[in-house]
Amino acid sequence: MEKLPTIAIIGAGNVGGNLGVRLSQSGLEVCFGVRPGKSIDALLGRCGPGASVTSPAEAAAAAEVIFIAVPAAAAVDAARSLGDLAGKIVVDCNNPLRWDQGPVWSPPPEGSLSAAIAAACPGARVVKAFNTFGAEFHLDPTLPGGPIDVELAGDDPSAKATVAAIAERAGFGVIDAGPLRSAALLENLAILWIHLATVGGQGRTIGWRLLRRG
Ligand SMILES: NC(=O)c1ccc[n+]([C@@H]2O[C@H](COP(=O)([O-])OP(=O)(O)OC[C@H]3O[C@@H](n4cnc5c(N)ncnc54)[C@H](OP(=O)(O)O)[C@@H]3O)[C@@H](O)[C@H]2O)c1
């Protein structure tokens, strides 16, 4: 079997929890990084064999790939608090938004949340991914006709290839959306999903997939 990397998931909420269940049930080695005093026994009970929990910094130190799935306003500080991430793959699942009768993209001055995380974590190989659909899909990527797509944006091709392998192993489709500057596009794709799912009245079972006619 192909050797897949060890994974830390920082944040064990809707996205981090569901992703951890899905990835661990797909045979990947997952360790959740949670803050002191938080119990995730029930979540671990839903995970595949070998899933574990420790502090965010310890989970990140032991992992090759670190998913960050915390409130967007906390994401840069959470990433910075993990210590030296040089050489590690950091997957940014977060969407910076405010609410004004619907979701409004609110990126930091760096131009996207992913760019801000990259600036805060020197040497980290940042990939934007797993941000453009609701957390129900992190648990189950199924859509009629095939799985939902994970769009990837990043400047390091081998980091993107690793994240693509993780996504495919867990049953997701994969679309390479180009360099890290495309993270701004993916954050906006997420904002559109949130708009459609909420004020747009479509509900949370909708998802993006690239279709071809040949
Ligand atoms: N919900 C969705 O459908 C969805 C879909 C795509 C992307 N996203 C994005 O995914 C991110 C997470 O969303 P969510 O719905 O999963 O949020 P959530 O359910 O509120 O979970 C956030 C988690 O982050 C933890 N956390 C907060 N600050 C932390 C820190 N500094 N270090 C470590 N853990 C920390 C929280 O732990 P405590 O219990 O200790 O506070 C909680 O477990 C957001 O940025 C959102 O934009 C959400």
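Figure 1. A residue is called buried if 20 or more other C-beta atoms lie within 10 Å of its own, exposed if 12 or fewer do, and partly exposed in between, with C-beta atoms placed from the backbone. Strands (E, at least two residues) and helices (H or I, at least four residues) are DSSP runs, numbered from the N terminus. The model is predicted: local features need pLDDT of at least 70, side-chain atom pairs count only at pLDDT 80 or more, and totals for chains, interfaces and linings use all residues. Residues are numbered from 1 along each chain as its sequence is written.

**Figure 2. Pairing of β4 with strand β1.** Strand β1 (residues 7–10) and strand β4 (residues 65–68) pair in the parallel sense over four bridges. Two strands are said to pair if DSSP finds at least two bridges between them. Within this pair, A8 stands opposite I66, and I9 stands opposite F67.

**Figure 3. Pairing of β4 with strand β5.** The strands β4 and β5 run parallel and are joined by four bridges. Opposite I66 stands V90 of β5, and opposite I68 stands D92 of β5. Strand β5 comprises residues 89–92, and both of its faces are covered: I89 and V91 on one side, and V90 and D92 on the other, are all buried. Together, β4, α4 and β5 make a right-handed β-α-β unit. Right-handed describes a crossover in which, with the strands pointing away from the viewer, the path from the first strand over the helix to the second runs clockwise.

**Figure 4. Pairing of β5 with strand β8.** Strand β8 (residues 125–128) pairs with β5 in the parallel sense over four bridges. The bridge partner of D92 in β8 is K128.

Figure 5. Two residues are in contact if their C-beta atoms, placed from the backbone, lie within 7 Å.

**Figure 6. G20 in helix α1.** G20 is found in helix α1. This residue is buried because 31 other C-beta atoms lie within 10 Å. Not counting residues up to four places away in sequence, G20 touches I9, A12, V30, F32, L43, C47 and A51. G20 and V30 are 10 residues apart along the chain, and their C-alpha atoms are separated by 6.5 Å.

**Figure 7. The shell around the ligand.** Of the 23 residues around the ligand, G11, G13, N14, V15 and N94 come nearest. A residue is near a molecule or strand if its C-beta atom, placed from the backbone, lies within 6 Å of it. The shell divides into 13 nonpolar, eight polar and two charged residues. In this division, Ala, Val, Leu, Ile, Met, Phe, Trp, Tyr, Cys and Pro count as nonpolar, Asp, Glu, Lys and Arg as charged, and the others, Gly among them, as polar. Helices α1 (14–25) and α4 (72–80) each supply at least two residues of the shell. The most is given by α4, with four residues.

Figure 8. Q101 lies in the loop between β6 (97–99) and β7 (103–105). Although Q101 is not a glycine, it has a positive phi of about 60 degrees. Q101 is exposed, because 6 other C-beta atoms lie within 10 Å. F130 is found in the loop between β8 and α6 (135–139). F130 is likewise not a glycine and has a positive phi of about 60 degrees. With 27 C-beta neighbours inside 10 Å, F130 counts as buried.

**Figure 9. A190 in helix α8.** A190 has its place in helix α8 (residues 183–197). A190 counts as buried because it has 24 C-beta neighbours inside 10 Å. Leaving aside residues up to four places away in sequence, A190 touches N95, N131 and T132. From C-alpha to C-alpha, A190 and R169 are 23 Å apart in space, and they are 21 residues apart in sequence.
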